[in-house]
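Dear colleague,

Please find the structure below, with the sequence alongside. My notes on what was found in it follow.

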Amino acid sequence: MVKTYSKQGVRVQNPDQNQKTLVLIGRSGNGKSALGNCILGRNAFPSEASPCGVTLNCALEEGLLPDGGMLRIIDTPGHFGHSLKSDVVDSEIRKCFEMAKDEIHALILVLSVNNRFTKAETEGILALTSIFGWNMYNSLVVVFTGGDDLERDGQTLDDFLGPGPPESLQILLNSCDNRFMVFDCNTLDENKRSVQLSKLLKLVEIVTKRNGGKPFGRQAFSPVRNLFLKRDDDPSAVVYGNSWEKANNLKEDTNKLNEELLKHMTEKVKDFVDELETQLERLKEDLQKLEDYFNSARSQLNKELDKLGQDIGSAQREIKELSVRMQRRGCSIL
């Protein structure tokens, strides 16, 4: 259970340096705020059913973990608010990076079992990639909300994903090394909530170890990130003559990052296919060994059955000969 004590958007200093920062990203309506509330154990972020996104601004909440470490949760607008004006989006992205202090331990991509993984979802994730860079997949954990709905239908997350989820979703999960789980954000069972949090933190720990103990920070962000963090009084800032020039530069950066993402995901898929082919070859070898063993065992069994038949025939002949001899002596044993 997380002990929370901060106010929305306010960073609380904690002498304990063992802190983790998680940034919740994803489409509006997938339950980012509800997930943050479930993790913290209180209604820290506004969360309600709405036809449009409830979260319009980045917000930071903090809490203490049982081991005394600090857990910092940053909630963000859906895909950084596609419906918002560009200057507002820029401001919110800058705010997110400033809140994170260049130390994001994991990006939590929130999906919902109640929403189809559509082309729009894929495009939204690509938009996030253009902000964070394709290295985001090294720090990505996918959380499916709606665990209570699955339980009500008698399903597990594996049942929901099935043997053949949408190709784009499969590529996404492969790209983050299959770090995903399901969350029941509506549970009132403290033990269940604690178990869910422990599993999430284990996935975050896997991310941390994979990245050599270093948080997802300045060196990992995309070039677009540096643009958003420029200040007017920064002498090193890139000065854009007008909004068209800024838009063109952003487009170039985005296209470049999308190309990198495609290359990265293609490599991931290739590795995945190579691994499947390797497993298939191993399976063929195991099947051949099993077939050879079966044929050998069947051959040995046939030999033993033949020998047994011969022994039975020999015994029957001996019994018949013994019977004939006994009859000749005047007594029959059969």
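**Helix α6 and what follows**

In helix α6, which spans residues 167-175, the buried residues are Leu169, Ile171, Leu172, Leu173, Asn174 and Ser175. Buried means under 20% relative accessible area, exposed over 50% and partly exposed in between, with a 1.4 Å probe and protein chains only. Just after α6, Asp177 has a positive phi of about 55 degrees. Helices (H or I, at least four residues) and strands (E, at least two) are DSSP runs numbered from the N terminus.

This is a predicted model, in which local features need pLDDT of at least 70 and side-chain atom pairs count only at pLDDT 80 or more, while totals for chains, interfaces and linings use all residues. Residues are numbered from 1 along each chain as its sequence is written, and side-chain values use heavy atoms, with hydrogens and water left out.

**Aromatic pairs**

Searching the whole structure gives 2 aromatic pairs. Rings of Phe, Tyr and Trp (its six-membered ring) pair if their centres lie within 6.5 Å; planes under 30 degrees apart count as stacked, over 60 as edge-to-face and the rest as tilted.

Phe144 and Phe160 have ring centres 6.3 Å apart and planes at 70 degrees, so this pair is edge-to-face. Because Phe144 lies in strand β6 (residues 140-145) and Phe160 in helix α5 (residues 157-161), the pair ties together parts that are 16 residues apart in sequence. Phe144 is buried at 2% relative accessible area, whereas Phe160 is partly exposed at 30%.

Phe144 also pairs edge-to-face with Phe180, at 6.4 Å centre to centre and 85 degrees between the planes. Phe180 is in strand β7 (residues 180-183) and Phe144 in strand β6, so the pair ties together parts 36 residues apart in sequence.

**Surface patch**

A nonpolar patch on the surface is formed by Leu280, Leu283, Leu287, Leu290 and Tyr293, which together have about 540 Å² of accessible area (Shrake-Rupley method, 1.4 Å probe; for residues, only the protein chains shown count as cover). Leu290 lies in helix α9 (residues 243-328) and is exposed, at 53% relative accessible area.

**Whole chain**

The chain has 9 helices and 7 strands. Of its 334 residues, 40% are buried.

Regards

Technical notes: Patch = residues over 30% accessible without salt bridge, like charges linked within 9 Å, V, L, I, M, F, W, Y side chains within 5 Å. Salt bridge = Lys/Arg side-chain N within 4 Å of Asp/Glu carboxyl O.
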